[in-house]
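This report is written for a reader who has the sequence and the model at hand. Please keep both in view while reading the sections below.

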Amino acid sequence: MRQLLAWSLAAAAALAAAPALAPTAAAADAKCPKLGTSWYGNNRAHLQQVIDAYGTCSGHRGAVAAFDWDNTVTKNDVTDATLSWALRHNALPRPARWKDTSAWMTDAGDRALTAACGTGAGGSLRTSDRPKCTDEIVEIREKGTTMSGAAAFAGTWNHRRTVPQYAWVPQLFAGRTPAQLSSYAAAARTEALAAPIGATRTLGTHTVPAYVRYYDQQRDLIRTLQRAGFRVYIVSAGSEPVTEVWSRGVGIDAAHTIAIRSVLDHRGRITTRNEGCGGIGVNKGDVIPYIDGKRCWINQDIYGIKGPAAWQKQPWKQRIAVGGGDADTDVTFVSDATGAHLVLNRNKAELMCRAYDDADGRWVINPMFIEPLPRRTDPYPCSTTAYNAPDGGHTPVLRPDGSVVPDQADTVY
């Protein structure tokens, strides 16, 4: 009830300038699209309250909802599924030098990849029958280290704007066209949707998920929001051609899908550079839709806020109404939402500290809909190390007033 009251008051404040409506019961019912799937606890009612307050039920259109993709709208990571398919089908182009694939690639990473995979521009990597090559690529993607444990990336970057191994995946496809990458993603999608829930496969010596599923609840939520007049966007730290293939499955087109946008060369082929945000131009992975970068791209692409101002939290009317995510990569834009902060619990410390602290009474926490995680036994270390600092350190999570968020128990699982 506390959350419902908070949402009612917040929605009233945001929409006070809108004309009052006095629809008939039949008209009101027609203008109030309803969620049709079950949710944990009272979450369905909470989300419906926001849909009714910000949408056509109250005579409004144009409110924005934004969702992360991987493990928020789908179970499992679609970029990883595409990389898995590419590794098993020799679809990755062979680079002239592995050092060229990332601005932060270390000598140790370069040596490991060169030894396992070879070099020489032209042709494709023979990853289907070179398990050591596959192992090095998957290990670097997952952990940022080589199979021997050496750091694959080093240098300086803002840890709230990028992470090298996320930026590296689109860079691995440099030389391919967006259409080719889309075709790999489509083949991987068909394969992953056909695999049974819980299925795994082996890549080198790594065991990885073999399946992906759209969450029925999220598909229903997105469609209900659209029927209620919301503009619904995806904002992902994956590759944009890959994410677009999947987002069409929930009725979201390319114009409403935001992810890492690779710059193309004069032949229309992917390069190791990507578009920038917030006053930062074309770069080699320094700025991607990651933590604060997701806010930047929402402000820039949806609200037209250019330059350094796009990194800043905006006034109420220039913020999303609903934000949904599952990881620390989503915490900034999900926190910006004015109506509901929807979180799928994957035990990610900074995000869960914000969610359980519930400072504004609008946080909606749900277990993963498929294969939910068990309860975290120890409290989240909100008061000490849960915040991901720009320099890569870990510090306390602070509320807007500067007070420290106390450690939080995991209660929604």
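Which residue takes a positive phi in the hairpin of β3 and β4? The residue is G204, with a phi near 65 degrees, in a hairpin that has two residues between its strands. The model described here is a predicted one.

## The hairpin

Strands in a sheet are held to one another through hydrogen bonds of the backbone, in either a parallel or an antiparallel manner.

## The six-stranded sheet

A further element is an open sheet of six strands, in the order β7-β6-β1-β10-β11-β12. Its strands pair in the parallel sense. The edge positions are held by β7 (257–260) and β12 (363–367); each has a single partner strand, so one side of each has no neighbour in the sheet. From one strand to the next, the twist averages 15 degrees.

The pairing of β7 can be followed residue by residue. Strand β6, residues 231–239, runs parallel to β7 and is joined to that strand by three bridges. Within this pair, V235 lies opposite I258 in β7.

## Helices on the sheet

Helix α3, residues 43–54, packs on the sheet and touches β10 (322–325), β11 (340–345) and β12. The direction of α3 makes about 140 degrees with that of β12. Helix α9, residues 216–227, lies across β1 (64–67), β6 and β11. Relative to β1, helix α9 runs at about 160 degrees.

## Helix α4 and its partners

How do α4 and α6 lie relative to each other, and at what angle do their axes cross? The axes of α4 (residues 78–88) and α6 (residues 131–143) come within 11 Å and cross at roughly 170 degrees. Angles over 145 degrees count as roughly antiparallel, and α4 is therefore roughly antiparallel to α6. On the α4 side, the contact is made by T79, D80, L83 and L87, and on the α6 side by T134, I137, V138 and R141. By class, the residues of this contact are four nonpolar, two polar and two charged.

Helix α4 also meets α8, residues 178–194, where the two axes come within 8 Å and cross at roughly 100 degrees. Angles of 65 to 115 degrees count as roughly perpendicular, so α4 and α8 are roughly perpendicular to each other. A81, T82, W85 and R88 of α4 make this contact together with L181, Y184, A185, A187, A188 and E191 of α8. The contact of α4 with α8 comprises seven nonpolar residues, one polar residue and two charged residues.

## The second largest pocket

The second largest pocket has a volume of about 550 Å³. Its lining is formed by 25 residues, of which R295, K313, S335, R354 and P400 are the closest to the centre. The elements that each give two or more residues to this lining are α11 (292–302), α12 (331–336) and α13 (349–357). Helix α12 provides the largest share, four residues. Of the lining residues, 14 are charged, eight are nonpolar and three are polar.

## The cavities

How many cavities of 30 Å³ or more are found in the model? The count is three. The largest cavity holds about 40 Å³ of space. Its lining consists of A167, P170, Q171, I260, S262, T271, T272, R273 and N274.

Two or more residues of this lining come from each of α7 (164–172) and β9 (270–274). The largest share, four residues, belongs to β9. In terms of class, the lining of the largest cavity has five polar residues, three nonpolar residues and one charged residue.

Definitions and conventions: Residues numbered from 1 in each chain as written. Predicted model: local features only at pLDDT ≥ 70, side-chain atom pairs only at ≥ 80, totals over all residues. Heavy atoms only, no water. Pairing = 2+ DSSP bridges. Axes fitted to C-alpha atoms, helices over the stretch in contact; angles between N-to-C directions. Contact = heavy atoms within 4.5 Å. Parallel < 35°, antiparallel > 145°, perpendicular 65-115°, else oblique. Nonpolar A, V, L, I, M, F, W, Y, C, P; charged D, E, K, R; others polar. 1 Å grid on protein atoms, 1.4 Å probe; cavity = no way out; pocket = protein on both sides within 12 Å on 5 of 7 lines; lining within 4 Å. Points joined across faces, edges and corners; volume = space filled by probe spheres on them.
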